[in-house]
Amino acid sequence: ARICMEPYRIKVVEPIALTTREQREAALERVHYNLFDLRAEEVTIDLLSDSGTGAISAAQLAAGMEGDESYAGSRSFYRFHETVTELTGYRHILPAHQGRAAERILFNTLLEPGGIVLANTHFDTTRANVELSGCQAHDIPCVEARDLDSERPFKGNIDLDRLRSTLEGPDGSRVRVVIMTITNNGGGGQPVSMENLKQTAEICRRHGVPMILDAARFAENAWLVTRHEEAYRGLTPRQVAEEAFRLADGCVMSAKKDGIVHIGGFIGLNDPELAEKCERLLIATEGFATYGGLAGRDLDMMATGLLEVTEPAYLAERADVASHLADRVRAAGVDILEPPGLHALYLNAGRLLPHIPPHHYPGHALACRLYLEGGIRSAELGSLYLGEEDEDGNPTKSAPYELVRLALPRRVYTRSHYDHVGRTLERIAKNAASVHGYRIFEQSPILRHFRAKLQPV
Ligand code: F0G
């Protein structure tokens, strides 16, 4: 196997916390076993999210120093606008401060109560914004997505048969938009093939329904297309990305992922009427159309990040690190959602901890143990996130899978950091029977995983 290495060296460093087990035990108790409530300074390796957590390059920092902070029409905006126009080809580009702001503005403008939105899988804020507009969000991932162990390369695809039958069926006229999330974060970070995007676009066009990309990880999707889709092997990730954007009628983008910035996002659209309506709402709620809630320096750093992110050496290394960690995790005896993507690994906690029932949250139990054993922070994606219980704590709904996401921040951790994660998992897996479950004793009615308080059972 080809050995990859980081195509950059480290110029600025930041110390990370090295804590004792006693400190971590006390911290867990203090936050009632909710990892969102830890202070980041109590975490050694923070794999909670790959969003806004990347390391910026010297070129991005320099671009930021050049930022033009004029209220309207700044040089930074024009630089950003030119970069995004060349990348996406959309006729109208509106900056926004992050992905969910772009979603809110687009859906408020495009949707009316009673409508339906279809997607390969909605990310949770996307779903929330659809529902806040009075619409229903339906996920129709492809059939292969259901098999966590299958190594099929494009498990992020939408189910084309269900897309067709929904659009032709009794609810067809209520479908307002089809969202393609690339890569499919809610479905294990799996990519969408260009063939699937093309066919979806064709079906949408036939029914007069716009297809919009949720393009947060467009470069990682493009990289995987160049690896696994025969017709695209000779192309660069940049070429694939350009083509993908042009298959759609527009996009919403969280640049906190594949813009490699700490804050930023945008909306891209071809429809001038829709763009004008979005612009009005943008000005009222985010900021003037040439800054959209961002500083000039943010726009400049985003423009530079959007160019760096499709560099083949960067993407090759990112894929290599993910597969390096995946090897360590499998060797530790822990199964992952296969195949590993680029932005995260999803651990199969349900399989590792069969003695913990869903309503005692095996994913959460593994996440807490990862912190206790190794100071590693991760995110549960299981029944704490998706399940429901009645007042007596009896389960009424559980998640389809009990997963833990290890998100990989861009350009931040090295292989030795990830080896620490592998060793920690190995110790946990050897002693899996000793991992215990949790019970919620206080929770909020929506998005409970962010705020729930738990205790061990
Ligand atoms: N779409 C996708 C696919 C995402 O993964 C996210 C964020 C958003 C939209 C929203 O963007 O955070 O800039 O408002 N995902 C982060 C994560 C939070 O950890 O996966 P945002």
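**What the words rest on**

Author: Strand 7 is largely enclosed by the rest of the structure, because 5 of its 5 residues are buried. The model is a predicted one.

Reader: Which residues of strand 7 point which way?

Author: Gly250, Val252 and Ser254 point one way from strand 7, while Cys251 and Met253 point the other way; all are buried. In a regular strand, side chains alternate between the two faces of the sheet.

Reader: What makes arginine 405 count as buried?

Author: The cut-off is 20 or more other C-beta atoms within 10 Å. Arginine 405 has 25 other C-beta atoms within 10 Å, so it is buried. It belongs to strand 14 (residues 403-407).

Reader: With which residues is arginine 405 in contact, leaving aside its neighbours within four places in sequence?

Author: A contact needs C-beta atoms within 7 Å. With those neighbours set aside, arginine 405 is in contact with Ala344, Tyr346, Ser378, Ala379 and Leu381. As for leucine 47, it is 358 residues from arginine 405 in sequence, but the two are 7.9 Å apart in space, C-alpha to C-alpha.

Reader: How do you know that strand 7 and strand 8 pair?

Author: Pairing requires at least two bridges. Strand 7 and strand 8 have 5 bridges and run in the antiparallel sense, so by the cut-off of at least two they are a pair. Among the partners, cysteine 251 is bridged to glycine 268 in strand 8, and methionine 253 stands opposite phenylalanine 266.

Reader: What joins strand 6 to strand 7?

Author: Strand 6 (residues 211-214) is joined to strand 7 by 3 bridges, and the two run parallel. One of the partners is isoleucine 212, bridged to glycine 250 in strand 7.

Reader: Which strand pairs with strand 2, and over how many bridges?

Author: Strand 2 pairs with strand 8 (residues 265-269) in the antiparallel sense, over 5 bridges. Histidine 92 stands opposite leucine 269, and leucine 94 opposite isoleucine 267.

Reader: Why is strand 8 called mostly covered?

Author: Of its 5 residues, 5 are buried. Both faces of strand 8 are covered, with Gly265, Ile267 and Leu269 buried on one side and Phe266 and Gly268 buried on the other.

Reader: How do you know that the buried residues of helix 2 are on the same side?

Author: In helix 2 (residues 58-65), the buried residues include Gln60, Ala63 and Gly64. They cover an arc of only 100 degrees around the axis, which puts them on the same side of helix 2. The face turned away from that buried side carries the exposed residues Ala58 and Met65. Helix 11 (296-308) is among what covers the buried residues.

Terms used. Residues are numbered from 1 along each chain as its sequence is written. This is a predicted model: local features need pLDDT of at least 70, side-chain atom pairs count only at pLDDT 80 or more; totals for chains, interfaces and linings use all residues. Helices (H or I, at least four residues) and strands (E, at least two) are DSSP runs, numbered from the N terminus. A residue is buried if 20 or more other C-beta atoms lie within 10 Å of its own, exposed if 12 or fewer, and partly exposed in between; C-beta atoms are placed from the backbone. The arc is that of the directions from the helix axis to the C-beta atoms. Two residues are in contact if their C-beta atoms, placed from the backbone, lie within 7 Å.
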